[in-house]
Amino acid sequence: AELHRHTPDCSNMPRASCLALALTAASTPASAYALIAGQPRGEQSRRGSAEMNLAIMMNGLPGAMGREIASAAIRREGVTLAPFALTGAGMGGEVEVDGVTVRLYEPSEKEECARLAKVAYPEAGSLVCIDFTHPTAVNGNAEWYGANRLPFVMGTTGGDRDALFGVTRESGTYAVIAPNMAKQIVALQAALEQMASDFGGSFEGYALSVVESHQSTKADTSGTAKAVSTSLAKLTNEPDFTADDYAQIQRVRDTDEQLAGGGSSHRGCSPVPEAFLGGHAFHTYALTSADGNVEFQFRHNVCGRSTYAEGSVDAAVFLAKRVGAAAEQRVYDMVDVLKMGGI
């Protein structure tokens, strides 16, 4: 770990994810410092084992996130990539990932895909689905997983979240449902939830502002931004911040704005390296006093997708073990995975 000023330069880290967390408190918001934690791809094979025999159905191929997770699964000891998966309408056919060919089934072919899964992987815990599809597919896919008793990791954000949890619990299907798969961000999220529970209203009089920047193809507001904002709004005693599906969260999808960043005040998102415009997650949460003289900031800046991919496979491995053990608890989030030693 190193202490850097402003934001990490990820442009020279094409094979790594770069995570930045900055906390500032100053009479005039000026300089920010970031604690950098980078984890190169390929260094997380430790969570698999030779004794494990788990296949991942990567639903969301041929998308970029789907490819990244599929590669992570192939690298993991004891984990393989199922040769079939769900995809979107008009995306059927075959895709190759690191030498493995996967047949992609469109929504109209879902039942054939379910049949193949049951025949190829009849043993409990031998197959886990990972879902990084589209917000419009979340609820329909969850119903399909439940109807076919297919354990799943839901990394796709959006959709009707209450309905998602409801149908999953009702079906008795094992699942990990979370808006973020990066363990460091999950740990931060859990810490802020605890802080909000213990010290609710301790920032009353401060105003919360949230800006999140993602690649232009991300269709919805970040689920992580929503989750973290919920905790911070309890600290500032601003219950209306979550109204209208978190309409106050500012989404940045324009590439010129992403390259420029929030300016010299450090408000808004950090500048995004050009190499990562197609895959990044930069968030800035600011709590500012009424007179503007004091500001606290939380930032997490991720270049690339590998940290999410490795976390997604960690979650699938964790879930397969819970299925194999016939655990009483069926639905988990990434905080559960972290607390239970699954990451």
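Q: Is Cys113 buried or exposed?
A: In this predicted model, Cys113 is buried, with a relative accessible area of 0%, where buried means under 20%, exposed over 50% and partly exposed in between (1.4 Å probe, protein chains only).

Q: And what about Cys269, buried or exposed?
A: Cys269 is buried as well, at a relative accessible area of 8%.

Q: How many disulfides does the structure hold?
A: There are zero disulfides, a disulfide being a pair of cysteine sulfur atoms within 2.5 Å. For Cys113, the nearest cysteine sulfur belongs to Cys129 and is 7.6 Å away.

Q: Ok, new topic: how much space lies in the largest pocket?
A: About 760 Å³, a volume being the space filled by probe spheres set on grid points, which are joined across faces, edges and corners. On a 1 Å grid over the protein atoms alone, a pocket is an open set of points where a 1.4 Å probe fits, with protein on both sides within 12 Å along at least five of seven lines.

Q: Which residues lie nearest its centre?
A: Of the 32 residues that line the largest pocket, Met65, Phe132, Thr133, Gln215 and Lys218 lie nearest the centre, and a lining residue has an atom within 4 Å of a point.

Q: What volume has the second largest pocket?
A: The second largest pocket has about 640 Å³, and Phe165, Pro179, Gln189, Gly223 and Ala227 are the closest to its centre among 28 lining residues.

Q: What should I keep in mind about the numbers?
A: Residues are numbered from 1 along each chain as its sequence is written, and side-chain values use heavy atoms, leaving out hydrogens and water. As the model is predicted, local features need pLDDT of at least 70 and side-chain atom pairs count only at pLDDT 80 or more, while totals for chains, interfaces and linings use all residues.
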